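Q: Kindly guide me through the reading of the interfaces in this structure.

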There are 2 protein chains.
Amino acid sequence: MRNILLVGAGKSSVSLINYFSENAQAENWQLTVADSSLKAAQDKIKGLQFCSAIELDINNNDLLKAATDKADLVISLLPAHMHIGVAKNCLQLKKHLVTASYISAEMAELNEHARKKNLVFMNECGLDPGLDHMSAMKIINQVKADGGEIISFKSFCGGLVAPESNDNPWGYKFSWNPRNVILAGQSTAQYIEDGNLKFIPYNRLFLQTETIEIDGLGKFDAYANRDSLSYRKPYDLENIKTILRGTLRNQGYCKAWNVLVKLGLTDDSYKVNIENLTYKQLVDAYLPNGSKSIKNKLADFMAADADAEAIDKVEWLGLLSDIKINAANASPAQMLQNLLEEKWKLQPTDKDMIVMQHLFTVVNISGEQKKITSSLVVKGSDSVHTAMAKTVGLPAAIAAKVILNNKIKTRGVLMPIEQEVYNPVLSELEKHNIVFAEKELG
Amino acid sequence: MRNILLVGAGKSSVSLINYFSENAQAENWQLTVADSSLKAAQDKIKGLQFCSAIELDINNNDLLKAATDKADLVISLLPAHMHIGVAKNCLQLKKHLVTASYISAEMAELNEHARKKNLVFMNECGLDPGLDHMSAMKIINQVKADGGEIISFKSFCGGLVAPESNDNPWGYKFSWNPRNVILAGQSTAQYIEDGNLKFIPYNRLFLQTETIEIDGLGKFDAYANRDSLSYRKPYDLENIKTILRGTLRNQGYCKAWNVLVKLGLTDDSYKVNIENLTYKQLVDAYLPNGSKSIKNKLADFMAADADAEAIDKVEWLGLLSDIKINAANASPAQMLQNLLEEKWKLQPTDKDMIVMQHLFTVVNISGEQKKITSSLVVKGSDSVHTAMAKTVGLPAAIAAKVILNNKIKTRGVLMPIEQEVYNPVLSELEKHNIVFAEKELG
């Protein structure tokens, strides 16, 4: 019997828990789901075999230690900054660890210790980071094995709403942490284009966008992610001429979001301490005084930076209406989030959709240039069994299986960029209809 | 003999130390100047009577306590976040305290404790905050005493270079912390205009400026400060229709600084890790690729948001040149600061200049509306005896004298908004040629 401890039973744990339960008999597994809310943990394992639920306050290190001690492998789906406490217990008690979060500086410091204790701390093993690494590295390593060179790599990912559930002008509903969507991009984006270092600051991030086309789905807006440069080293693309990572949104989203950025509504650094404020009054505070309607004032203010559709999208949110703001002494970003959480709520039967696309330009061994694309589209089943939960949870779950079955030879604090990880994970994901479509264009 | 301890012998301590030395015999004072650098403290008291210098690491609480114990009053000119340690010792050892910094939340918490121990902790007693409070409250209280009401209050202050030392196109040289100049305004400004709440986010702070005229000096740009709303309560102007505080710069500065903001060069939130980068390459990273000269690309990029003069100012800084950036793995803001510290250096014989102006609109007891202005212009003598050092140090020094002579009846954590403080301070400052010119306009 191999015991698996899952810490954190949030939204993204659903598919992961199902996977463990379905494979428990064959793999001789027992899963313990731990959460600060016992009810959340119990709800997630309802009707499932080989699973038990426990209440676990992550700040109670004695309880965490006891639970860790009983496990052969720990998966943490806690918020990213909480992994380090779990990791330190794993180190002390000699347990493997899997997370779906970026390797923090603190986590990176455990590398040598984990290696010496013969442990695998596999991080960045969800969707993004996670599937992006695996699917990109598969192509990068193939091209190199064939004697080719990658001269351009652009990669885009978006957590969106499926077309059949898209019933609002923004083409967006929340399938993950709303706060991260509101505050997205609030530092200068960095990338490389044709050998030149390129920066896009927040004030024009949603104006300087690209258009990406996905077969069968049409065109999407893409805005640049914060740091594309940091991928050169782990991907072994140190001399690449073009590297850019970005986030996908439905067409028109970025131009409308830019209105909110230019207004100043995404600012989370100060609090508005006015009682009984309406959204119209809030928006008006950013506009010049004047006698025109607020919609006309907003259009004048944006001038060429917004079209009528963008202004209509802003109006649709209720930002130009007399709706009372239900937040006292909050930042404009929090006030905006309160409104968006209502307007962009994934309804029970709504399906979300994950879209990922890598675009490579390659020079092959004969010196010929060609383009390779690798695209993924995954739709959710409903607002609980989301594409987001599948694509975050299943890679982590399968990686855990591969580790438990001793198929990973590398040790230390890792990300899934080696064949020994991405080959079995990507191949098993195909059975769950998570399939990258690879295409070559002369 | 009354002992005064000054903690922090930085640039702004010069005039304060001179004041204490000059008045030491008459007032029976002995001043101890403490700094982490013994040399800095010794340099400041060179040739002065009734002064001694000691080395004091503020993190060594035993030393700080011993020095505090010998004093009757402590003045802290340390960086603002360090006052709290000094204040706690003052509380324990029952010593009065004077600072020139805003009252922090931690400092405010000491109010009741200080009151109970019969102590004066007088903060915000420099230039801005300091002289702004005193000179404004003098007029506000006069108007109210005469039965009038203040319906509009705008207040501006700038630490500038004197016209006779102004030999660069920006009309600016550093007379205080350069970092604060580079990062100024990076949160949304809040004020009230004609009864309406108004916000200006950073992305257009240096575009949405006012023009202020000072007699004998001409016109200045003024950009809004972060939080003008917080002045309503201490100034007892809770129902005022217009309240705005702003920062003065020479005309044209703001339009040119906006180029740096729009480019993204004032971002301090990420590091550029490229070796041997030139300033031209850095600026080019923010611009679209293209074959035009960088100056033309920049002008195209700014379009209507910058005129030729603004672009010329940016060029004058060296930002479009092949000068190597002398900073490794630094933020763009730090790289910009390195350049500006050279270009905007106050030369030994340069004179700086402080300009402050309050503009009131008042309705008097007969219902008549009139305007009152109160303006201050102070020039420095050279790059050591600056107007900044005078206007920061002398108000603090005189407030200390008034406290030592038991003329302040209020107790607790205070700011200089009561007559018992501002009357004696403003009146003694006049002897030092720090004089507000008050004017009434029908």
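Q: How many residue pairs are in polar contact across the interface of chain A and chain B?

A: A polar contact is a pair of N or O atoms within 3.5 Å; within protein, one must be able to donate a hydrogen and the other to accept it, and residues adjacent in sequence count only if both atoms are side-chain atoms. In this predicted model, the rule finds 24 residue pairs in polar contact across the interface of chain A and chain B, both residues being at pLDDT 80 or more. Local features need pLDDT of at least 70, side-chain atom pairs count only at pLDDT 80 or more, and totals for chains, interfaces and linings use all residues. Residues are numbered from 1 along each chain as its sequence is written, chains are lettered from A in the order in which they are written, and side-chain values use heavy atoms, with hydrogens and water left out.

Q: What area do chain A and chain B bury between them?

A: The size of an interface is often given as the accessible area lost when the parts come together. With a 1.4 Å probe and the loss summed over both parts, chain A and chain B bury about 2,400 Å², 47% of it on carbon and sulfur atoms.

Q: How is chain A divided into domains?

A: Such bounds come from an automatic or database domain assignment. Chain A comprises domain 1 (2–126 + 388–434), domain 2 (131–251 + 347–386) and domain 3 (257–343). Contact between domain 1 and domain 2 of chain A (heavy atoms within 4.5 Å) takes 20 residues from domain 1 and 24 residues from domain 2.

Q: What area is buried between domain 1 and domain 2 of chain A?

A: The value is about 1,900 Å², of which carbon and sulfur atoms give 68%. On the domain 1 side, α1 (14–27), α14 (387–404) and α15 (419–431) of chain A each supply at least two residues.

Notes: Buried area = accessible area lost by both parts, 1.4 Å probe. Helix = DSSP H or I, 4+ residues; strand = E, 2+ residues; numbered from the N terminus.
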